Amino acid sequence: MSDRQREGGYADRVQIVYAKTLDYVAHTVIVVMAVGYLLYMTQLLPLSVPIETIAGNWHLSATSMQAKLNLPCGWECFSAPAGILHGDVLSYISVIFLSLSTLICLASAVAAFISEKKYLYSTIAILQVLVLLVAASGIMSAGR
Amino acid sequence: MKISVPRRLMIPASVAGALLMLLMPAMPLLAAAAQPAGVTAWWVWVLALFVFSFLLGIVAVLAGVGGGVLFVPIVSSFFPFHLDYVRGVGLLVALAGALSAGPPLMRKGLADLKLGLPMALVGSISSIAGALVGLAMPAQNVQLLLGIVIISIAAIMVMAGKSGYPEVSRPDRLSQMLQISGLYYEEFGQHEVSWKVHRTPLGLLLFFVIGFIGGMFGLGAGFANVPVFNLLMGVPLKVAVATSGLVLSINGSAAAWVYLFKGAVLPLIAVPSIGGMMLGSKIGAKLLPKVNTRTIRLIVIAILALSGFRSLLKGLGI
């Protein structure tokens, strides 16, 4: 038996599904983040807020900077389709994609657990997806 | 007189030296750049952050700690960014590191979903709560508490032991119900290792507390996850380290949303930090077999204690 077969033999099907999804997602995230940041730094696309303005205010708290610059937060960047075509907004979207990556992997695990009829872990994984969905919905907010 | 330095000490000494050299000029720059119209060009800070994250990535792997736990105290102490953005990036750095390391560990059965998911479920709920509390508190108080937490982490790193293959004579009822056990192939000794766990309810409680601290301060919580899995629950060290990555990727992702919706994530500083840390981690993994990790771990503990002390002073307004 080859090393690879031996290694694969110690992970069940759900783990393999999770690992495969994670592999695809992680590589895509790296590419998307690199492209987004390149567009941001080179200013090939216009910026919604100039870099100098961000740098001039990065000593302020998030609340103060929001009050002053009204940067896109969470899903707000998708509210105006034209707004997406900005270098800084695309870079922000790449960070959102990174934050979504775990959710995507867990969704694949839920499907795999259900197909394997592992109902206890299906329930735990669904609960975990729900927790992340609640977080990603922006229902919970904080402020000082 | 010629002073000879053992070869095994040269790489850690060089990396640590580069880290310190980068920190020294950052101190006076900090005061200038903290002003609204900072005298230092923005790209200097962004470039310095990338280089710094790259070096941190190397050091983190060599010292066996997560990137987030080093990133937040050091960057918040020596760079001009507000603590809100540093904590937001800290979570994303930890998340990105865990994502890139995850697939091979899961395929080998080292990162275990059945062990990690219940812990991540409670940890992610508390990490959201921690992020909400942390963002609602005055930054100076958070900085003060961060200093205390970081100094405590340095103390834990000095005192905590580790056990390669802990003995679990009787698994607890909850772990049996959740079917938490496993088998993996130990490449070093070329044998199979089967494992089971005990003290699961206490483990869940501790993961709740760790998740809260991680979310509040933007720390990846590998420093705490691993001892709880390994020393408390009896998980073999390699499985504990690998599964800790899985747990902190889920917890980090949950808390990161709170920071994203608060506007506490700036791509300008987040992306170079993540990129630098991921690149550095890959180099660190290649250097790992060649260096004296004990030396670098001691250096990291010293740097952690120093940045924790600086956070304390900042929190006290000194």
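**View 1. Chain B holds 12 helices and two strands.** Helices (H or I, at least four residues) and strands (E, at least two) are DSSP runs, numbered from the N terminus. From the N terminus on, the order in chain B is α-α-α-α-α-α-α-β-β-α-α-α-α-α. The model is predicted: local features need pLDDT of at least 70, side-chain atom pairs count only at pLDDT 80 or more, and totals for chains, interfaces and linings use all residues. Residues are numbered from 1 along each chain as its sequence is written, while chains are lettered from A and ligands numbered from 1 in the order in which they are written. Chain B has 318 residues, and 60% of them are buried. A residue is buried if 20 or more other C-beta atoms lie within 10 Å of its own, exposed if 12 or fewer, and partly exposed in between; C-beta atoms are placed from the backbone. Take the contacts in chain B with a separation of 6 or more: 85% of them join residues 24 or more positions apart. Two residues are in contact if their C-beta atoms, placed from the backbone, lie within 7 Å.

**View 2. The largest nonpolar core has 148 residues.** Such a core is a set of buried Ala, Val, Leu, Ile, Met, Phe, Trp, Tyr and Cys residues joined through C-beta atoms within 7 Å. Which members touch the most other members? They are A:Ala109, B:Val59, B:Leu70 and B:Leu92. Helix H10 of chain B (residues 237–262) gives the most to this core, with 16 residues. Leaving aside residues up to four places away in sequence, A:Ala109 touches A:Val14, A:Val17, A:Tyr18, A:Ala125 and B:Leu113.

**View 3. Chain A meets chain B.** Here 58 residues of chain A are in contact with 58 residues of chain B. On the chain A side, the elements that give two or more residues are H1 (3–8), H2 (13–42), H3 (51–57), H4 (62–69), H5 (87–115) and H6 (119–137). H2(A) gives the largest share of this side, 12 residues. By class, the side of chain A that touches chain B has 37 nonpolar, 15 polar and six charged residues. Ala, Val, Leu, Ile, Met, Phe, Trp, Tyr, Cys and Pro count as nonpolar, Asp, Glu, Lys and Arg as charged, and the others, Gly among them, as polar.

**View 4. H5(A) has a kink centred on A:Leu100.** The kink is about 35°. The bend at a residue is the angle between axes fitted to the seven residues ending there and the seven starting there. H5(A) has 29 residues and reaches 41 Å from its first C-alpha to its last, close to the 42 Å expected at 1.5 Å a residue. The expected span of a helix is 1.5 Å times one less than its number of residues. After H5(A) comes A:Lys117, with a positive phi near 60°.

**View 5. Two strands of chain B form a hairpin.** S1(B) (residues 181–186) and S2(B) (residues 191–196) run antiparallel, joined by six bridges. Two strands pair if DSSP finds at least two bridges between them. B:Leu183 has B:Ser194 in S2(B) as its bridge partner. Four residues lie between the strands, and B:Gln190 in the turn has a positive phi of about 55°.

View 6. Most residues other than glycine have a negative phi. A:Gln43 sits in the loop between H2 and H3 of chain A. With 13 other C-beta atoms within 10 Å, A:Gln43 is partly exposed. The loop between S2 and H8 (200–217) of chain B holds B:Arg199. B:Arg199 is partly exposed, with 18 other C-beta atoms within 10 Å.

**View 7. B:Ser273 lies in helix H11 of chain B (residues 267–287).** Is B:Ser273 buried or exposed? B:Ser273 counts as buried because 28 other C-beta atoms lie within 10 Å. B:Ser273 and B:Phe50 are 223 residues apart in sequence, but 5.4 Å apart in space, C-alpha to C-alpha. Not counting residues up to four places away in sequence, B:Ser273 touches B:Leu49, B:Ser53, B:Phe71, B:Val89 and B:Val93.
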